[in-house]
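Take a look at the structure first.

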Amino acid sequence: MTATKTILPTQAYARPDSKSAKLWERAQHVLPGGNSRTTVYMAPRPIYAAEGDGCWITDVDGDRRLDLLNNYTSLIHGHAHPAVTSAATQRLARGASFPLPTPEEIDLAALIVDRVPGIEQVRFTNSGSEAVMMAIKAARGFTGRPKIAKFEGAYHGSYDWAEVSLSSGSGDWGPADAPTSVAYTKGTPPSVLEEVVVLPFNRTELAVARIEREAGNLAAVLIDPMPNRAGLIPARPEFLRAIREVTRAHGICLIFDEVISFRVGYHGAQGMFDVLPDLTTLGKIIGGGFPVGAVGGRAEVMAVFDPRGGKPAVPHGGTFNANPVTMAAGLAAMQLMDEKAFDRLDELGRKLRSGIEACFERAGVPGGVTGLGSLFRLHPAQRTFVDFRSTAQSTQEAARLARLHRQLIDHGILISPTGLGCLSTAMGEAEVEYCLEVLNASLQLVRGEEVGKA
Ligand SMILES: Cc1ncc(COP(=O)(O)O)c(C=O)c1O
């Protein structure tokens with residue numbers, strides 16, 4: 001389907017008798033808060049999806065939206081790409097899962113090893129969260145040290161250690177040179193907080209000094225080179241290089257979490273930044289739309305998983321690890337992503353981000369955009385974004401983003417409530433234009449609402 005020039009309301013879900021409303025009613029009886037995935041909760045209630053076709057999603061009430069979320073960046077080709085669908089269904093017809101390895105896992109592993117400079121060997125998991133958990137366990141097993149360091153505000157999935165200081169705020173985040181370790185989940189044991197050192201992102205001297213102070217106890221420094229929840233701000237190249245140097249000097253494993261940022265290029269974020277970690281976590285796009293994760297790295301570190309000769313240093317089971325349907329779909333999706341395909345998405349992403357800046361300016365609504373490649377994030381404020389703290393929103397800014405999100409989903413665009421969005425190869429110039437037209441119109445409405453409130 002191609003984009004249309006007409007901006008139509010997509011608000012059928014909001015009617016009290018909509019199909020989404022009825023599903024939500026049923027869901028609340030059997031799912032806590034009607035929800036199985038915190039991320040997709042949307043107040044006052046979610047919109048239920050019926051089907052996807054390329055870059056469009058149709059909801060159960062028949063409204064169609066341009067999908068700028070792509071299951072939180074995991075669908076690099078949008079929905080139901082024929083090659084991916086065919087690879088998955090052909091494999092599925094020969095059995096969904098086995099208590100034996102299958103050839104498909106070797107094919108996808110070989111593609112990843114071939115493309116990602118820091119990965120000599122790889123293991124598959126079912127999610128990015130598990131990949132991060134296994135990377136941390138591998139680093140502990142390899143170094144024999146107990147602690148990890150991670151960056152303030154960065155999301156790495158739901159492993160306790162990786163969640164620390166994910167959503168700290170000005171009331172509890174502590175000094176900038178030594179951020180406080182703040183629990184994200186109620187019930188997090190205090191011992192976890194003692195084992196996680198929190199670092200300021202993009203602040204080279206402060207981060208290096210803190211790593212040096214803790215070095216003897218650190219198994220790993222975990223970093224996403226462009227952490228989405230912390231603002232989708234790319235790491236400064238000299239900052240990443242300094243983190244690499246200090247970790248190498250102290251025998252600390254450097255883990256790049258590229259679950260999202262692998263999207264930025266054929267060789268991933270590490271190829272783009274030209275900095276090689278010891279371990280890398282992947283997920284999202286490498287599964288072709290199916291549940292997936294992977295941890296890869298230097299063979300010397302990955303040897304902690306080697307089962308030859310008895311129990312490995314770091315055992316790693318998982319009933320569905322390297323599931324052949326996921327492996328087949330992921331291989332098909334990744335084979336389509338050659339260097340030209342990444343370049344094309346890069347170019348579209350650049351156009352979209354500069355168009356977004358222009359829309360904010362034209363509408364007279366304070367706002368900005370961050371991101372790289374096919375990824376972008378809208379910010380409801382106009383300032384320089386450097387790190388997590390610089391993206392913290394005032395009440396007025398948070399209300400602006402909530403209004404903008406509502407206008408976008410009510411006028412044909414699906415994007416995350418946090419402002420995260422991404423492109424897929426199913427999109428072209430026409431879809432970028434459509435997106436900017438809807439954004440333009442939505443910002444006018446937001447401006448009208450803000451003036452009305454003042
Ligand atoms: C950077 C990063 N790491 C890890 C994860 C966890 O991946 P999953 O949702 O597959 O568990 C995510 C999920 O969004 C992520 O963005």
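The notes below cover the ligand, the pockets and the cavities. This is a predicted model, in which local features need pLDDT of at least 70, side-chain atom pairs count only at pLDDT 80 or more, and totals for chains, interfaces and linings use all residues. Residues are numbered from 1 along each chain as its sequence is written, and side-chain values use heavy atoms, with hydrogens and water left out.

**Ligand site**

- The classes are: Ala, Val, Leu, Ile, Met, Phe, Trp, Tyr, Cys and Pro nonpolar; Asp, Glu, Lys and Arg charged; the others, Gly among them, polar.
- A polar backbone atom of Gly128 is 2.8 Å from an oxygen atom of the ligand.
- In Ser129, a polar side-chain atom lies 2.8 Å from a ligand oxygen atom.
- Lys284 has a side-chain N or O atom 2.8 Å from an oxygen atom of the ligand.
- On its own, the ligand has 380 Å² of accessible area (Shrake-Rupley method, 1.4 Å probe), and the protein covers 82% of it.

**Pockets**

- A pocket is an open set of points on a 1 Å grid over the protein atoms alone, with protein on both sides within 12 Å along at least five of seven lines; lining residues have an atom within 4 Å of a point.
- The ligand takes up the space of the largest pocket. A molecule sits in a pocket if more than half of its atoms lie within 2 Å of its grid points.
- The largest pocket holds about 1,300 Å³ of space. A volume is the space filled by probe spheres set on the points, which are joined across faces, edges and corners.
- It has 47 lining residues, and Thr39, Tyr72, Tyr155, Arg229 and Lys284 are the closest to its centre.
- The elements giving two or more residues to this lining are α2 (70-73), α5 (128-143) and β12. α5 gives the most, with three residues. Elements are DSSP runs: helices (H or I) of at least four residues and strands (E) of at least two, numbered from the N terminus.
- By class, the lining of the largest pocket has 17 nonpolar, 23 polar and seven charged residues.
- The second largest pocket has about 730 Å³ of space. Of its 33 lining residues, Val40, Pro46, Ile47, Tyr48 and Ala49 lie nearest its centre.
- α1 (19-30) supplies the largest share of that lining, five residues. The lining has 18 nonpolar, nine polar and six charged residues.

**Cavities**

- The structure holds two cavities of 30 Å³ or more. In a cavity, a 1.4 Å probe fits but cannot get out.
- The largest cavity has about 50 Å³ of space. Its lining is Leu68, Ile356, Phe376, Leu378, Leu408, Ile413, Ile415, Cys435 and Leu439.
- β12 (375-379) and α15 (429-453) are the elements that give two or more residues to this lining. The residues divide into nine nonpolar, no polar and no charged.
- The second largest cavity has a volume of about 40 Å³. Phe360, Leu378, His379, Pro380, Arg400, Leu401, Leu404 and Leu443 line it.
- α14 (395-409) and β12 each supply at least two residues there, and α14 has the largest share, three residues.

Technical notes:
Polar contact = N/O pair within 3.5 Å; in protein donor to acceptor, adjacent residues only side chain to side chain.
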